[in-house]
Each structure stands twice: as C-alpha cells, then as structure tokens.
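Please read this note alongside the sequence and the model. It is written for a colleague who has not seen this structure before.

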Amino acid sequence: MPANLAEITTFEAAGTTVDMATERAVTALIFRAARLSDERRYMDWMALFTDDAEYSAVTYENLIYKGLRLFRDVGRTALHERVAWLMGMWQVPRGKTLHIVSNIEISAGDTADSVKTTSNFIMARTADLEHSALHAAGRYVDKFERRDGVWLIKDRLVVVDSNLLPPEFTELL
Amino acid sequence: MTDVLIEKKNLNDVWGDNALGLDGSRVIDRRIYVDPSIYAAEQEKIFAKTWQWVAHESEIPEFGDYVTATVAGRSIVISRGDAGRISAFLNVCTHRGAVLAAHPRGNSAGSFVCFYHGWCFDAEGKFTAAPLAAAYGENLGKACYDAPPIRHEVFTGNVFVSLDPSIEPLADFLGAAGPSIAVYTGRHVALGRVRWLLKGNWKLWHENFRDNYHPMYTHAAIGANYQGVKIEGLNTDLTGGHSLMAFPFQGNPDARRIMMRNITGKSPEGQVSSHRPPAPNPDVRHNIMAVFPNLDFQFQNSGEGGGFVQTVRPLSIDQAVVEIVVFGEADEPAEAREARLAQFLDGQSAAGKISGDDNEAARRCHLGFGSVAEVRWSNMDRGQDEGRQGGKNDEYSLRSFYDAYKEYMGDSLAI
C-alpha cells in the first residue's frame with residue numbers, strides 16, 4: 001500500500017490547532033463545496049480548487065488493500081474534464097443530491113498557509129420517481145491552502161465506505 | 001440479403017418463428033430477461049454448469065488467504081492452504097448451515113471456525129473439530145462433515161470453479177479463448193476489485209461487452225472521437241460462446257478538448273490528461289474478450305501495462321452485481337504501479353467515465369422490457385458475412401453468446 005494512503009487510514013488529523021478565523025474559513029469552504037455539488041454548479045465547484053489540486057476517490061476496501069482508486073484527477077484540466085463529463089459527456093441522469101458534512105477535525109498543515117482536515121459525509125439522492133435514499137457515505141481527507149489570501153482545496157481524497165457501489169455513482173462526491 | 005436469411009430461417013430454432021422474419025440465430029427473445037422460469041433455469045443450467053472465474057491467485061498469496069464468491073446461489077470459499085495449494089469448497093458449516101467465511105476477502109490462519117457453535121474446518125474445508133464433541137459419541141469422524149469441495153482449476157493464475165463435478169477440463173471449456181487469457185494475465189497480478197449494483201438483467205451487462213456498435217452513441221466522448229473516421233477492427237466468434245473484439249483506438253485526438261469547450265464554455269487550459277478513456281492511438285489494439293457466460297477480459301495489445309477482468313452475477317432477474325478486477329504487470333516499475341492504482345480505473349466502475357453510461361444502458365433496456373408482450377424480439381443481425389468474423393460493429397460476438405446460451409438452456413427456452 002502506498003505510504004501516503006497507509007498513513008491516512010488512521011484518519012488522524014494530527015497537528016496543532018488553528019486559529020478561529022482559519023477554522024471558520026475552512027469549514028465554510030467544506031460546506032460550500034458540498035452545496036455547489038448539490039446545486040450542480042460544477043464550474044463554481046471547480047473554482048474552489050487550486051490549479052494544481054488533486055481530487056480522487058477510493059473505496060475503504062481498496063484503501064486498506066493496495067490503494068486502487070476509483071479515479072484521481074490531478075490539476076485544473078483534469079477537474080475541468082470531470083466537470084465537462086458531468087455537464088454533458090455522461091449520459092447518466094443524476095438525481096438531486098443532498099450532502100451532509102460533519103465531524104470536521106482541523107489541524108495546521110506544513111506551513112502557515114495550509115490546513116489539514118478530515119470530515120464525514122453522507123449523501124442522499126432523490127432520483128426521478130424515487131424516494132430519497134442514502135447514496136454514499138464516507139470521509140473527506142482534505143488539504144487546504146491559502147493562495148493570495150483565499151483558502152482553496154489543494155487535495156481532496158474521498159474515502160467511500162460502500163463495498164457495493166450504487167448503479168449510478170457519477171456525481172461529485 | 002434479408003430475403004436470403006428468411007429462406008434460411010431455421011424453424012427448428014426455438015426463436016426461428018419471430019416477428020422480425022430473421023433466422024432464429026439473429027434475434028433475441030426478450031422474455032429471457034424477464035421470465036422467472038428462465039431465470040431459474042439459467043442458475044442451474046448455466047451458472048451451475050460452466051466454469052466460473054472467481055479469483056486470481058495473486059489475491060490469495062499467503063497461507064490462509066481466502067476470497068469468497070457466489071455461484072448459482074452457493075457461497076464458495078477459495079482458499080490458500082498447505083504447500084501453497086488452492087482449494088475451493090462450499091462456504092457452509094455442515095452442522096447448521098451458517099457460512100464459515102463472512103467476508104469477501106480475508107485470512108483464516110488455516111482454520112475456519114463457525115461462529116455459531118464453533119465447528120472447525122481447515123484451509124481446505126475439511127472438518128477438524130467440534131467443541132464438546134464427546135456428546136456426539138463416535139459419529140463425527142466422517143467425511144460428510146467436511147465442507148463439500150468444489151471442482152476448481154487454475155489457468156495462468158486465474159482460479160475458476162464449477163459446481164458440475166463432471167464438467168470438461170477448463171482448458172477445453174476455454175477453447176480458443178485460453179491462449180489469449182494466458183497472454184493477457186499470465187504475467188500479471190490483481191491490484192483490487194470494485195463492485196457495483198446493476199439495475200437490469202445480468203445478460204444486459206455481458207451483452208454490452210460483446211457489442212461495439214453502441215460506444216459511438218452511448219459514450220459521448222468516444223462518439224466525438226469517431227466522427228468522420230472509417231472504423232477498423234474485428235468482431236470474432238471464437239466458438240464455445242466466447243468471442244473477441246479487437247480494434248485500434250481511432251479518432252480525432254482533439255475531440256475531447258473540443259467537447260469540453262463546447263459543453264463548459266471554457267477551453268481546457270492544459271493537456272487533457274484523463275487516463276481513461278485513452279486518447280486515440282492507431283498503434284494500440286484494444287482487446288475485449290468475452291468468455292461464456294459472464295466473464296470479460298479487457299487488455300491492450302499483448303497485455304502490456306495491465307487490464308481488467310470483469311464478471312457479472314445475477315442477484316435476481318432484474319438486478320446483478322458487476323465486479324471488476326484491475327490487473328498490472330507483476331514486475332512493473334513502482335512509478336507505473338502507482339499510476340495504475342491511481343488512475344487506471346477512471347473509465348470503469350459505476351463511477352467510470354465509460355461504464356457509467358453502460359450501467360444506464362442496462363437500466364433503460366430493462367425498463368423497456370415492460371413492453372415485452374408487445375415488442376418481443378430484439379434484432380441481432382448486424383454483419384452479413386458468412387463465417388464467424390466481421391467488422392468491429394457487427395454482432396458475431398453477440399450471436400456467439402446466444403448460440404451457446406441456447407445450447408445450455410435447451411428446452412427451458414420453449415416457453
């Protein structure tokens with residue numbers, strides 16, 4: 001298993017605490033990313049990331065096995081491509097989603113302008129003619145960086161708890 | 001040509017008398033997707049009578065390692081025992097019937113202990129002990145208390161099982177598909193699995209891997225690649241229900257960038273970098289090999305790099321589990337391995353840029369089968385050349401499946 005994945009299996013956001021203003025800014029950013037995904041404002045969602053950001057997902061089963069990810073988008077163009085798929089290149093109808101993000105733990109990153117967090121999420125989905133159902137549950141392992149005074153997502157690894165994915169799993173997690 | 005086919009229509013074929021006026025080998029009776037009696041017959045006549053891919057031996061490298069699989073309703077353990085031996089046995093305690101291994105993957109440390117009353121079985125499923133056994137007198141020392149062994153064979157690292165003790169040897173069953181399996185997986189290791197729920201009959205998923213007519217339309221990005229391109233590649237019936245589609249990655253390398261700009265209103269700032277689906281490259285031959293009844297291999301050229309093995313197993317008449325196993329070359333450099341683990345799956349799975357659409361195709365078809373009473377027949381007539389091979393977009397592969405399907409199902413289709 002890659003060392004970086006082995007380390008985060010402990011899900012320890014170890015490190016020093018951050019000041020209240022940083023905590024508020026980062027928490028707001030986590031919530032904004034969830035809301036923009038639910039509102040299908042994909043280009044706005046993408047703007048929350050740094051140009052060199054990484055966005056990837058892995059099932060917990062594979063996280064603790066060899067680290068096989070569902071996908072790993074690195075950099076602005078890869079994020080842009082994912083957004084384009086969501087906006088039209090995929091033929092899969094997406095139901096309305098609703099993210100709930102909680103259990104946010106924040107610690108200082110490697111520099112004064114970086115922060116590490118872990119948080120839990122659940123995502124309900126309401127497809128056409130269907131009731132709201134739990135679609136995904138898991139954990140965000142995030143790194144944030146302040147660039148020109150603005151906090152952005154530098155890395156987001158989504159650890160999906162499900163061992164049997166739902167048939168349509170193309171939404172932004 | 002249609003007139004010729006009508007003349008050739010085989011009235012002895014269970015599907016020979018169809019509303020499309022085609023030979024019975026060139027149509028599908030949609031009742032096979034929705035009829036409960038056919039579904040029940042498939043379990044016993046196909047899934048219990050064929051070789052089923054269940055694991056790659058690299059997934060169980062150490063003593064005690066095991067994986068479980070479900071075949072025709074039976075849970076099966078595939079386990080590594082003494083001297084590296086691989087065993088397969090029914091995952092059931094012979095005492096009261098509880099499954100012995102409750103996880104899809106694990107290590108038994110050489111002993112499967114039933115959680116219910118503590119009966120013990122070794123890594124090969126043999127009964128070894130029961131707690132407080134004196135109360136049974138002398139009656140427990142019998143082979144009938146072993147978890148029943150299941151016929152299994154390992155073919156170039158791929159572990160297959162069959163519930164049919166008298167089934168032909170695996171190499172014979174695989175036939176012309178065997179040499180390709182050796183090339184695709186012979187020097188590879190499994191790197192992980194992802195499984196997802198399919199909302200549709202299991203055959204819809206397997207059919208999709210025998211159908212290269214759909215990608216240009218179902219998968220928008222691939223469709224863009226192909227505009228204005230003369231399509232190359234072959235679609236071949238390997239007999240025995242197995243088939244191979246082999247084709248180059250063709251098309252306009254800028255197509256995806258153009259689509260991204262058109263859809264999002266913004267030009268990509270850098271090189272489009274997604275690993276999957278790959279950019280057009282005429283030097284790369286993509287191979288999609290389907291093995292009857294529910295197994296697919298996807299590899300490039302001669303297996304360089306890595307590839308995918310997929311199975312689809314029914315949960316019910318209208319739901320199935322698709323499982324994909326990712327393979328890399330055993331000795332690939334660390335950097336290549338890291339990249340494969342990170343991005344190789346990008347087009348696949350329920351989250352995949354390609355497979356996402358395929359899941360939807362199965363869902364929509366199954367919904368459409370609600371009209372089976374009015375629209376009973378599916379056309380499977382693409383490719384008019386005699387013989388077993390035609391163009392990439394033809395349906396030799398699909399007809400190969402249904403030739404074998406009818407053979408296995410026999411009179412169960414005469415409903």
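The numbered points below go through selected features of a predicted model.

1. Cavities. The structure holds three cavities of 30 Å³ or more. The second largest cavity has a volume of about 60 Å³. Its lining is made up of Ser37(A), Asp38(A), Arg40(A), Tyr42(A), Arg94(A), Gly95(A), Thr97(A), Glu171(A) and Leu172(A). By class, that lining divides into four charged, three polar and two nonpolar residues.

2. Strand 4 of chain B spans residues 74-80 and is mostly covered, with five of its seven residues buried. Strand 3 of chain B, residues 65-71, runs antiparallel to strand 4 of chain B, and six bridges join the two. Within this pairing, Val71(B) has Arg74(B) as its bridge partner. The two strands form a hairpin with two residues between them, and Ala72(B) in the turn has a positive phi of about 50°.

3. Strand 4 of chain B and its other partner. Strand 5 of chain B, residues 86-90, also pairs with strand 4 of chain B in the antiparallel sense, over five bridges. Here Val77(B) stands opposite Phe89(B). This hairpin has five residues between the strands, and Ala83(B) takes a positive phi near 55°.

4. Backbone points to check. The peptide bond from Phe292(B) to Pro293(B) is cis, with omega near 0°. Pro293(B) sits in the loop between strand 15 (281-291) and strand 16 (295-300) of chain B. Thr239(B), in strand 13 (residues 234-239) of chain B, has a phi near 70°, a positive value in a residue other than glycine. With 38% relative accessibility, Thr239(B) counts as partly exposed. Asn301(B) is not a glycine either, yet has a positive phi of about 45°. Asn301(B) lies in the loop between strand 16 and strand 17 (306-316) of chain B, and at 27% relative accessibility this residue is partly exposed.

5. Aromatic pairs. How many aromatic pairs does the structure hold over all chains? The total is 29. One of them joins Trp119(B) and Tyr145(B) edge-to-face, at 5.7 Å centre to centre and with 70° between the planes. Trp119(B) lies in the loop between strand 7 (111-113) and strand 8 (120-122) of chain B, and Tyr145(B) in the loop between strand 9 (127-129) and strand 10 (151-155) of chain B, so the pair ties together parts that are 26 residues apart in sequence. Trp119(B) is buried at 3% relative accessibility, whereas Tyr145(B), at 23%, is partly exposed.

6. Trp205(B) counts as buried at 0% relative accessibility, and Phe209(B) is buried with a relative accessible area of 7%. Finally, one aromatic cluster is formed by Trp15(B), Phe47(B), Trp202(B), Phe292(B), Phe401(B), Tyr402(B), Tyr405(B) and Tyr408(B).

Methods
Residues are numbered from 1 along each chain as its sequence is written. Chains are lettered from A and ligands numbered from 1 in the order in which they are written. This is a predicted model: local features need pLDDT of at least 70, side-chain atom pairs count only at pLDDT 80 or more; totals for chains, interfaces and linings use all residues. Side-chain values use heavy atoms; hydrogens and water are left out. On a 1 Å grid over the protein atoms alone, a cavity is a set of points where a 1.4 Å probe fits but cannot get out, and a pocket is an open set with protein on both sides within 12 Å along at least five of seven lines; lining residues have an atom within 4 Å of a point. Grid points are joined across faces, edges and corners, and a volume is the space filled by probe spheres set on the points. Ala, Val, Leu, Ile, Met, Phe, Trp, Tyr, Cys and Pro count as nonpolar, Asp, Glu, Lys and Arg as charged, and the others, Gly among them, as polar. Buried means under 20% relative accessible area, exposed over 50%, partly exposed in between (1.4 Å probe, protein chains only). Helices (H or I, at least four residues) and strands (E, at least two) are DSSP runs, numbered from the N terminus. Two strands pair if DSSP finds at least two bridges between them. Rings of Phe, Tyr and Trp (its six-membered ring) pair if their centres lie within 6.5 Å; planes under 30 degrees apart count as stacked, over 60 as edge-to-face and the rest as tilted.
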